[in-house]
Amino acid sequence: MSDRWSTTPNSGDAPGELLASVTALQRRTRAVRNAYWLPLLLFGLLMTAAAPLYVESVEPPALRAGPENPALTGLGGHFLERSAALGWYWLAALIGGYLLSLWWYRWHGVRVGVQTPTRPYVIAGIVGTIVGLVLPIVLRYLLLNTGAVISTGTNWLTTPLLGISNRGMIPHLVIAAGLLVLARLERSRGLMVVATVYVAAIVLVTIYFQTADFEPGDLNRHSFLLAALLPAPILLVGGGIALLNTIRGRRDQ
Amino acid sequence: MTSNAAAGGPGNGGHPTNGLSDTVHQRNRLGILTIAAEADRVEVAYLRDALELTAGNLSRHLAVLEEAQLIQIERGYHGRRPKTWIRITAQGQAALTAEIEALRELLRRHQGFRAGT
């Protein structure tokens, strides 16, 4: 079956042929409007650019309660030496990243003539960022200031989430939420695969930190950096492959 | 004109052809709805290229779909260039789903008939 929509009279009356043409049209339209390579590369690069802020100047203690930072720097975690700087960085990077992606989708939609709905993606970014700022406060409250029943009952969720937050990896989850929403909006299996592998990498890092029984000295200057950077190549490779496919598809047209 | 919703569609025991709408079943209009359902908005120029239609022909099909309230037409400008965008309505989405379901049911019956002979 040709990818082009046949307009030859009397050629499309068979249900099988009509359905095949419909499927070909759907596939073609999706390929034209898919533009997820940019958010993948953008957030991969923003993650990589944050690397220096995850490096400690000396070996960190196994658990360090950092100084009290402003609430707006909550995305920067609590264990890191440069938590405040990292918090400001991620606040700006997430807002900028989502706004740039939004502009990109608008521009791409006008250029190709097929617009992807972006409102749920932007909502995921805004809600994710706000939740990311509030979450550490709520988690600490649940763990430290509630009764034993509540604290113990929610421990299975609050402890790993607080671990993610303390290591400055909440922004990774905000990015994951946006990518999963975007995969659904774009109806893209490719993006769904990349987003799922990316989430799996965050889960693996979290499991490692939750299950490893760290002694003082076990963590070195680069431990938090490696944890935070591990998911970045997934976005960069996924974005790179998607960009190559887009270029190849354009050349084939 | 037969409406998918009003006619006995494949879901309620009638013959699957009852589920086909004259408005939607026409090949080019089915193409327009299929593309519109894939996006938030689609530009008329894209529809013209993808469906290989003339401007006049496409315009007539769009008018039929708009009259049936299956699509909305938005006219505007991008810079100085006039642009016309198509947006599928909830009614259009439902009609397209019913049409595709009816086509699938017809195909199933056709294949069952061929297997039985």
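User: Which residues in H8(A) meet which residues in H9(A)?

Analyst: Two residues are in contact if their C-beta atoms, placed from the backbone, lie within 7 Å. From H8(A) come His172(A), Leu173(A), Ala176(A), Leu179(A), Leu180(A), Leu182(A), Ala183(A) and Glu186(A), and these meet Leu191(A), Met192(A), Ala195(A), Tyr198(A), Val199(A) and Ile202(A) of H9(A). By class, this contact of H8(A) with H9(A) holds twelve nonpolar residues, one polar and one charged, where Ala, Val, Leu, Ile, Met, Phe, Trp, Tyr, Cys and Pro count as nonpolar, Asp, Glu, Lys and Arg as charged, and the others, Gly among them, as polar. The model is predicted, with local features needing pLDDT of at least 70 and side-chain atom pairs counting only at pLDDT 80 or more, while totals for chains, interfaces and linings use all residues. Residues are numbered from 1 along each chain as its sequence is written, and chains are lettered from A and ligands numbered from 1 in the order in which they are written.

User: At what angle do H8 and H9 of chain A pack, and how far apart are their axes?

Analyst: Two packed helices are described by the angle between their axes and the distance between the axes. Axes are lines fitted to C-alpha atoms, for helices over the stretch in contact, and angles run from 0 to 180 degrees between N-to-C directions. Here H8 (residues 170-186) and H9 (residues 189-211) of chain A pack at about 160°, their axes being 9 Å apart. H8(A) and H9(A) are therefore roughly antiparallel, on a scale where angles under 35 degrees count as roughly parallel, over 145 as roughly antiparallel, 65 to 115 as roughly perpendicular and the rest as oblique. The crossing of H8(A) past H9(A) is left-handed, a term used if the near helix is turned anticlockwise from the far one by less than a right angle, with right-handed used if clockwise.

User: In which hand does H2(A) pass H4(A), left or right?

Analyst: H2(A) passes H4(A) in a right-handed crossing. The packing angle of H2 (residues 37-49) of chain A with H4(A) is about 160°, with 10 Å between the axes, which makes H2(A) roughly antiparallel to H4(A). On the H2(A) side the contact is made by Leu38(A), Pro39(A), Leu42(A), Phe43(A) and Leu46(A), and on the H4(A) side by Ala93(A), Gly97(A), Leu100(A), Ser101(A) and Trp104(A). This contact of H2(A) with H4(A) has eight nonpolar and two polar residues, and no charged ones.

User: How many residues of chain A are in contact with chain B?

Analyst: The contact joins 22 residues of chain A to 25 residues of chain B. On the chain A side, two or more residues each come from H1 (15-33), H4 (83-112) and strand S1 (114-115), and H1(A) provides the largest share, eleven residues. That side divides into ten nonpolar, eight polar and four charged residues. Helices (H or I, at least four residues) and strands (E, at least two) are DSSP runs, numbered from the N terminus.

User: What is the order of the strands in the open sheet?

Analyst: Strands pair if DSSP finds at least two bridges between them. The open sheet has four strands in the order S1(A)-S1(B)-S3(B)-S2(B), with antiparallel pairing. S1(A) and S2 (71-78) of chain B stand at the edges with a single partner strand each, so one side of each is left without a neighbour in the sheet. Two bridges join S1(A) to S1 (residues 41-43) of chain B, and Val114(A) stands opposite Val42(B).

User: Is Ile86(B) buried or exposed?

Analyst: A residue is buried if 20 or more other C-beta atoms lie within 10 Å of its own, exposed if 12 or fewer, and partly exposed in between. Ile86(B) has 24 such atoms and is therefore buried. Ile86(B) lies in S3 (residues 81-88) of chain B, and beyond its neighbours within four places in sequence its contacts include Val42(B), Leu62(B) and Ile73(B). Val122(A), in H5 (residues 119-144) of chain A, counts as partly exposed because it has 16 C-beta neighbours inside 10 Å. With neighbours within four places in sequence left aside, Val122(A) is in contact with Tyr98(A) and Leu102(A).
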